[in-house]
Amino acid sequence: MKELKTSIRNSCLDQTVDALNSKGATGITIVTVHPVGYNFGTRFSFSEQEISKRYYDISKVELVCDAGELDTYLDVIMEQAHTGSSGDGLIFVSGVSEVIKIRTRKRGSNISILTE
Amino acid sequence: MKELKTSIRNSCLDQTVDALNSKGATGITIVTVHPVGYNFGTRFSFSEQEISKRYYDISKVELVCDAGELDTYLDVIMEQAHTGSSGDGLIFVSGVSEVIKIRTRKRGSNISILTE
Amino acid sequence: MKELKTSIRNSCLDQTVDALNSKGATGITIVTVHPVGYNFGTRFSFSEQEISKRYYDISKVELVCDAGELDTYLDVIMEQAHTGSSGDGLIFVSGVSEVIKIRTRKRGSNISILTE
């Protein structure tokens, strides 16, 4: 399995999550994070500076999927969270070895087994 | 080492953390996350709908342990966070290669070295 | 690539993040977490107990870097987040296989390609 982690603009959050859900994504979690290392003064336009506080509280979306679904979800995020301006964010992919469903105690190495 | 990540009901949080602690778990962190993709209207009972906002802010528990301790902690979580209803959550397991203790600058590939 | 996760004292947060930035770190995220398993009563001094609530809300710093930069960033964190007292925290290192830049759709296995 693969874990996708991406920190995206709050303004793109709803449409990104809706699109991920429509593709069948399970186990999405969202947490407000504080990114650092961005120079709002020079890289954002004036109107964006005024609401930079809003962008500063961006949303980190985490999602685990089977390896075969990775490209589908990457495409969804690249489409929905893309504005073309600096600050669109990065997606990081790492490996996840096991998943356990607490209710059924089912355990495996593919998230798809949970719905079988 | 293994990292366990699990998003569980807030109502199970205290007992789960207490049980993990009693088994000697170190480095547990808790963060409030916003899970999505759950249809509260149809999958939760009426009384649960009324307090769905509470469930909606669930707690993500993260824990790193040595590989040999993995099953112990999985059992603790499956026991303490289990209600039998939809929404009990998933546990994801992934690999962690190194740990460093900032105070002592001790570095290794087993979390147990930190207490030696 | 490597992911560093560390939960450090809030009082060390600013200087740690500034030092990481000055070394060129990208993609740092900060989230407030609630660590558990610490006995504030016995392990913290009296003055620290009074402000233990502040320490209790510690900051989790996450950072992805190329493998060759790992030691540089570990050194920065060990220097800036070190007080010598219990509670300085741990750093966990795990692998990250891919990175995607949403704005440019550039995809690769080294974070340095994003700025090429």
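Colleague: How many salt bridges are counted between chain C and chain A?

Modeller: This is a predicted model: local features need pLDDT of at least 70, side-chain atom pairs count only at pLDDT 80 or more, and totals for chains, interfaces and linings use all residues, while side-chain values use heavy atoms, without hydrogens or water. Residues are numbered from 1 along each chain as its sequence is written, and chains are lettered from A and ligands numbered from 1 in the order in which they are written. A salt bridge here is a side-chain nitrogen of Lys or Arg within 4 Å of a carboxyl oxygen of Asp or Glu. Between chain C and chain A the count is four.

Colleague: Which side chain of chain A meets that of E3(C) in a salt bridge?

Modeller: The N to O distance in this pair is 2.6 Å. The partner of E3(C) is K5(A).

Colleague: How many residues does chain A bring to the contact with chain C?

Modeller: Contact means heavy atoms within 4.5 Å. Chain C gives 23 residues. From chain A the number is 31.

Colleague: What part of the area buried between chain B and chain A do carbon and sulfur atoms give?

Modeller: In this interface, 31 residues of chain B touch 23 residues of chain A. The area buried is about 2200 Å². Carbon and sulfur atoms give 60%.

Colleague: Which residue of chain A forms a salt bridge with D71(B)?

Modeller: Chain B and chain A have a count of four salt bridges. For D71(B), the closest N and O atoms are 3.1 Å apart. Its partner is R107(A).

Colleague: Within chain A, are helix 1 and helix 5 roughly parallel or roughly antiparallel?

Modeller: Helix 1 (residues 13-22) of chain A packs on helix 5 (residues 70-80) of chain A at about 155°, with axes 9 Å apart. Angles over 145 degrees count as roughly antiparallel, under 35 as roughly parallel, 65 to 115 as roughly perpendicular and the rest as oblique. Helix 1 of chain A is therefore, relative to helix 5 of chain A, roughly antiparallel.

Colleague: How many charged residues are in the contact of helix 1 of chain A with helix 5 of chain A?

Modeller: Q15(A), T16(A), A19(A) and L20(A) in helix 1 meet Y73(A), V76(A), I77(A) and Q80(A) in helix 5. They divide into five nonpolar and three polar. The charged number is none.

Colleague: Is the crossing of helix 1 and helix 5 of chain B left-handed or right-handed?

Modeller: The axes of helix 1 (residues 13-22) and helix 5 (residues 70-80) of chain B come within 9 Å and cross at roughly 155°. The two helices of chain B are therefore roughly antiparallel. The crossing of helix 1 of chain B with helix 5 of chain B is right-handed.

Terms used
Axes fitted to C-alpha atoms, helices over the stretch in contact; angles between N-to-C directions. Helix = DSSP H or I, 4+ residues; strand = E, 2+ residues; numbered from the N terminus. Nonpolar A, V, L, I, M, F, W, Y, C, P; charged D, E, K, R; others polar. Left-handed = near helix turned anticlockwise from the far one by under 90°. Buried area = accessible area lost by both parts, 1.4 Å probe.
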